[in-house]
Amino acid sequence: MKQLAPTPTAAEAAQAAAVGLLRASDNVRRHLAEAIAPFGITGQQYNVLRILRGAHPEPLATLDIAGRMIEKTPGITRLLDRLEPKGLIERHRPAADRRQVLVAITPAGMRLLAATDEAVREANETALAGLTTQELMDLSALLERVR
């Protein structure tokens, strides 16, 4: 007779789910990193550009960008410092509030993101290939609840 596995406790189930989530996240992140590496940007730089493209044509305040990042990082200024010399973003201080820094994606940044779109789409599909469309929708809903 086949023995049934014992039902895990809530703590054990939470631990298993957290480890699984971290491992899955690492898998998706590695696929993305491989897809965008040929374009000379990192995952965090890609995320900044993606956020700015979503706000385009409006600029965003530095703190707004930091708040929308997938990975929370204290180094948003350093990320912007790396993107600006590449001509992918522009920063300026509005006359009304010189303490604020507004950031906008440049046409070169838009072109770079457009060039990455297909590679990123393929990376996402490859990383999540084991799931059906319905499972992906269910996963998105569950992850939103966790967040």
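Author: Gladly; below we set some of the labels against their definitions.

Author: This is a predicted model, in which local features need pLDDT of at least 70 and side-chain atom pairs count only at pLDDT 80 or more, while totals for chains, interfaces and linings use all residues. Residues are numbered from 1 along each chain as its sequence is written, and side-chain values use heavy atoms, with hydrogens and water left out.

Reader: Why is L32 called buried?

Author: Buried means under 20% relative accessible area, exposed over 50%, and partly exposed in between (1.4 Å probe, protein chains only). L32 has 18% relative accessibility, so it counts as buried.

Reader: What does L32 touch, leaving aside residues up to four places away in sequence?

Author: Y46, V120 and A123; contact here means heavy atoms within 4.5 Å.

Reader: What makes β2 and β3 a pair?

Author: Two strands pair if DSSP finds at least two bridges between them. Strand β2 (residues 89-92) and β3 are joined by four bridges and run antiparallel, so they meet that definition. In this pairing E90 stands opposite A104 of β3.

Reader: How many bridges link β1 with β3?

Author: Two, also in the antiparallel sense, with β1 spanning residues 60-61. Here L60 stands opposite V103.

Reader: Which residues of β3 are buried?

Author: On one side of β3 (residues 102-105) L102 and A104 are buried, and on the other V103 and I105, which leaves both faces covered. Strands are DSSP runs of E with at least two residues, and helices are runs of H or I with at least four, numbered from the N terminus.
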